[in-house]
Amino acid sequence: MMLLTLPWPPTALSPNTRQHWSALASAKKAYRTECAWQAKVQGARAIDAAKLHVSLVFVPPNRRAHDLDNLLARFKAGIDGLADVLGVD
C-alpha cells in the first residue's frame, strides 16, 4: 500500500469556472506536473500492475463545503500526473 499527499486542486480546474481554454490548459498542465513531482518526492515509482485500487480522501484547506463531483473533476489532472509516475493508464 502506498499513501501519498498531493496538493489541493486549484479553483481554476473547476468545471464551474468559465475561463479561456488556454488558461485552463495551462492550469491543468501545471497541476498535473506538480502532482507528478510530489508523488516522485514521496517515493512513487513505476509499478507492474494490471489494475490499481485507489482511494481518495479530500481534506479541504478551509471549512467550506465542497461538492464531491466537482472535486473529482478538479482532481483529474492530478490523477493523470500520478498515472504518469506509476506508469499505468
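Me: Where is arginine 18 found?
Reply: In this predicted model, arginine 18 is found in the segment before helix α1. That helix covers residues 21-41.

Me: Is arginine 18 buried or exposed?
Reply: Arginine 18 is exposed, because its relative accessible area is 70% and the cut-off for that class is over 50%.

Me: What lies 3.0 Å from a polar atom of its side chain?
Reply: The backbone oxygen of proline 15 lies at that distance from a polar atom of the arginine 18 side chain.

Me: And how far apart are arginine 18 and leucine 72?
Reply: In sequence they are 54 residues apart, and in space their C-alpha atoms are 18 Å apart.

Me: Now serine 14. Buried or exposed?
Reply: Serine 14 is buried, with a relative accessible area of 8%. Serine 14, too, belongs to the segment before α1.

Me: Which residues is it in contact with, leaving aside neighbours within four places in sequence?
Reply: Serine 14 is in contact with Asn70 and Arg74.

Me: Where does asparagine 70 sit, then?
Reply: Asparagine 70 is in helix α2, which spans residues 68-86.

Me: Which residues does asparagine 70 touch, not counting those up to four places away in sequence?
Reply: Asparagine 70 touches Ser14, Pro15 and Asn16.

Me: Why does asparagine 70 count as buried?
Reply: Its relative accessibility is 15%, and buried means under 20%, so asparagine 70 falls in that class.

Me: Let us move to glycine 78. Which helix is that in?
Reply: Glycine 78 lies in helix α2. At 0% relative accessibility, glycine 78 counts as buried.

Me: What does glycine 78 touch, not counting residues up to four places away in sequence?
Reply: Glycine 78 touches Tyr31 and Cys35.

Me: How far apart are glycine 78 and leucine 6?
Reply: They are 72 residues apart in sequence, whereas the C-alpha to C-alpha separation in space is 8.0 Å.

Me: Different topic: the surface. Which residues form the nonpolar patch there?
Reply: The patch is formed by Met2, Ile47, Leu52, Val54, Leu56, Leu68, Leu72 and Ile79. Together these residues have about 660 Å² of accessible area.

Me: Where is methionine 2 found?
Reply: Methionine 2 is found in the segment before α1.

Me: Why is methionine 2 called partly exposed?
Reply: The relative accessible area of methionine 2 is 42%. Partly exposed is the class between buried, which is under 20%, and exposed, which is over 50%, so methionine 2 belongs there.

Definitions and conventions: Residues are numbered from 1 along each chain as its sequence is written. This is a predicted model: local features need pLDDT of at least 70, side-chain atom pairs count only at pLDDT 80 or more; totals for chains, interfaces and linings use all residues. Side-chain values use heavy atoms; hydrogens and water are left out. Patches are made of residues with over 30% relative accessible area and no salt bridge: like charges are joined within 9 Å, nonpolar side chains (Val, Leu, Ile, Met, Phe, Trp, Tyr) within 5 Å. Accessible areas come from the Shrake-Rupley method with a 1.4 Å probe; for residues, only the protein chains shown count as cover. A salt bridge is a side-chain nitrogen of Lys or Arg within 4 Å of a carboxyl oxygen of Asp or Glu. Helices (H or I, at least four residues) and strands (E, at least two) are DSSP runs, numbered from the N terminus. Buried means under 20% relative accessible area, exposed over 50%, partly exposed in between (1.4 Å probe, protein chains only). A polar contact is a pair of N or O atoms within 3.5 Å; within protein, one must be able to donate a hydrogen and the other to accept it, and residues adjacent in sequence count only if both atoms are side-chain atoms. Contact means heavy atoms within 4.5 Å.
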